[in-house]
Amino acid sequence: MSQQLDTRGTSTSDTSGSVVDESGNGPFSYQDLARLDEALTMSSRETGLRFTVYIGELAADTRAAAEELHARSGGDTANSVLVALSPGQRVLEIVTGATAARRLPDRACALAVLSMTSRLGSGDLVGAIVNGLRQMSDAAGHPSRRTH
Amino acid sequence: MSVIETVLIYGVIPLVVFLLFAAVTILPGRGQQRTKYRPGQPWTAAPVWWEPHPDTSAGASHGSDHGDDHAAPRLGATAAALAIGQRPHEPHAADAPRRTAAGGARGTW
């Protein structure tokens, strides 16, 4: 479990520009980072989909900006799910790739968005992300029980 | 029983017990401050993009075939030295990022 607490050194060439030094006094405490990291890793490992979380400003057309981020996310983009939040603009976007969309239909995404926005409205960023990831990974299920 | 003994038994001992329980209750929550965000506030932090750790366990069947269909067709001999999620820079991919999104949802708060 100790390797899951170290979030540095796992970035791809595409995402390394977004990696920040987490030892500094960023907006997230160490406990929050550990929770986020565990939720991200566990939901990705359980479902076989590749969940990534982006927190920061998006361009004015938030949907297009999120889709562009998804296209640039590297790795297997068809199998990846991007959760992009912009706390300044108060917008949450979930983007699924072609393969991921079959496992995780838009209705399941909308349900996750609904529960996430209700938590985000009370200022609970980390809780929203952790619960959204859990809900989406529950909806996507386990890859070995599926035939694809 | 002298006055000092009375004060010690009925004053100091209850006080010590009270302070002990207060310390045990309050102290564990002190170190962890919550993420500072209130809806409506501007977000000044630098953008971050987190991704999951690469699946290194041998039992995960998906992780292995994911690595295979990645490394085999496009990459040359350098592929062996790269991690699963990693790939060498491909200039044409950066020039024309095609649309990869197939679905999703959006929400505001």
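In this predicted model, Val83(A) touches Phe51(A), Val53(A), Ile94(A), Ile129(A) and Gly132(A), leaving aside residues up to four places away in sequence. The largest nonpolar core has 40 residues. Val83(A) is among those with the most contacts inside this core, along with Val53(A), Val81(A) and Ile129(A).

Which elements give two or more residues to this core? From chain A come helices H2 (30–47), H3 (62–72), H5 and H6, and strands S1 (50–55), S2 (80–86) and S3 (91–96). H6(A) supplies the largest share, 7 residues.

Now follow H6(A) to its contact with H5(A). Two packed helices are described by the angle between their axes and the distance between the axes. Helix H5 of chain A spans residues 106–120, and helix H6 of chain A spans residues 125–140. Their axes come within 8 Å and cross at roughly 165°. Angles over 145 degrees count as roughly antiparallel, so H5(A) is roughly antiparallel to H6(A). The crossing is right-handed.

On the H5(A) side, the contact is made by Ala108(A), Leu111(A), Ala112(A), Ser115(A), Met116(A), Arg119(A) and Leu120(A). H6(A) brings Leu125(A), Gly127(A), Ala128(A), Asn131(A), Gly132(A), Gln135(A), Met136(A) and Ala139(A). By type, the residues of this contact divide into 9 nonpolar, 5 polar and 1 charged.

Along the sequence they follow the pattern α-β-α-α-β. Of the 109 residues in chain B, 13% are buried.

How values were computed. Residues are numbered from 1 along each chain as its sequence is written. Chains are lettered from A and ligands numbered from 1 in the order in which they are written. This is a predicted model: local features need pLDDT of at least 70, side-chain atom pairs count only at pLDDT 80 or more; totals for chains, interfaces and linings use all residues. Axes are lines fitted to C-alpha atoms, for helices over the stretch in contact, and angles run from 0 to 180 degrees between N-to-C directions. Helices (H or I, at least four residues) and strands (E, at least two) are DSSP runs, numbered from the N terminus. Angles under 35 degrees count as roughly parallel, over 145 as roughly antiparallel, 65 to 115 as roughly perpendicular and the rest as oblique. A crossing is left-handed if the near helix is turned anticlockwise from the far one by less than a right angle, and right-handed if clockwise. Two residues are in contact if their C-beta atoms, placed from the backbone, lie within 7 Å. Ala, Val, Leu, Ile, Met, Phe, Trp, Tyr, Cys and Pro count as nonpolar, Asp, Glu, Lys and Arg as charged, and the others, Gly among them, as polar. A nonpolar core is a set of buried Ala, Val, Leu, Ile, Met, Phe, Trp, Tyr and Cys residues joined through C-beta atoms within 7 Å. A residue is buried if 20 or more other C-beta atoms lie within 10 Å of its own, exposed if 12 or fewer, and partly exposed in between; C-beta atoms are placed from the backbone.
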